[in-house]
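Please look over the sequence and the model shown here before reading on.

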Amino acid sequence: QVQLVESGGGLVQAGGSLRLSCAASGRTFTAFRMGWFRRAPGKEREAVATINWTDGTTYYADSVKGRFTISRDNAKNTMYLDMNTLKPEDTAIYYCARKSTRTASYDGWGQGTQVTVSS
């Protein structure tokens, strides 16, 4: 059973930056793909960015392209989300999750980390 722990959230002014981390624990961690998701107040959860754990190919939601960068450190079983030029609409709880195989659903959801961007 994989356990994922997010960290790095906080309060930042519009235009600022934050780095989120997602650390995976477990005896043997494997993943096909990892992703960052967010849920803003009153909205559905949405995918922000995902990364193939093996070859590093990435996906970004249109709303964050050019501002957010997803990366991973396989040796540390850790994924990152560098968020720049933050906007108030980026305010949400950010979660990370793992897709163990190409066809599996995302699992191992962490507890989330709050990101608040003030205008």
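What follows is a short report on a predicted model.

**The open sheet**

In this model, 4 strands form an open sheet, and their order across the sheet is β1-β3-β8-β7, with antiparallel pairing. The edges are taken by β1, which covers residues 3-7, and β7, which covers residues 68-73; each has a single partner strand, so one side of each is left without a neighbour in the sheet. From one strand to the next, the twist averages 15°. In general, the strands of a sheet pair through backbone hydrogen bonds, and they may do so in a parallel or an antiparallel way. Here β7 is joined to β8, residues 78-83, by 6 bridges, and these two strands run antiparallel. Within this pairing, Ile 70 stands opposite Leu 81 in β8.

Is Leu 4 buried or exposed? This residue has its place in strand β1, and its relative accessibility is 5%; because buried means under 20%, Leu 4 counts as buried. When its neighbours within four places in sequence are left aside, Leu 4 is in contact with a list of residues that includes Cys 22, Ala 23, Ala 24, Phe 29, Met 34, Cys 96 and Gln 111. Arg 38, by comparison, is 34 residues from Leu 4 in sequence and 15 Å from it in space, taken from C-alpha to C-alpha.

**Aromatic rings**

The ring centres of Phe 29 and Trp 53 are 5.7 Å apart and their planes stand at 80°, and since angles over 60 degrees count as edge-to-face, the pair is edge-to-face. Phe 29 lies in the loop between β3 (18-25) and β4 (33-39), while Trp 53 lies in the loop between β5 (46-52) and β6 (58-60), so the pair ties together parts that are 24 residues apart in sequence. Both Phe 29 and Trp 53 are buried. Elsewhere, Phe 37, Tyr 106 and Trp 109 form one aromatic cluster.

**Charges over rings**

The table lists two arginines whose charged ends sit over aromatic rings.

| Charged residue | Ring | Distance from ring centre |
|---|---|---|
| Arg 19 | Tyr 80 | 4.2 Å |
| Arg 45 | Trp 109 | 3.9 Å |

How values were computed:
Residues numbered from 1 in each chain as written. Predicted model: local features only at pLDDT ≥ 70, side-chain atom pairs only at ≥ 80, totals over all residues. Heavy atoms only, no water. Pairing = 2+ DSSP bridges. Axes fitted to C-alpha atoms, helices over the stretch in contact; angles between N-to-C directions. Buried < 20%, exposed > 50% of the residue type's maximum accessible area, 1.4 Å probe, protein only. Contact = heavy atoms within 4.5 Å. Phe/Tyr/Trp six-rings, centres within 6.5 Å; stacked < 30°, edge-to-face > 60°. Lys NZ or Arg CZ within 6 Å of the ring centre and 35° of its normal.
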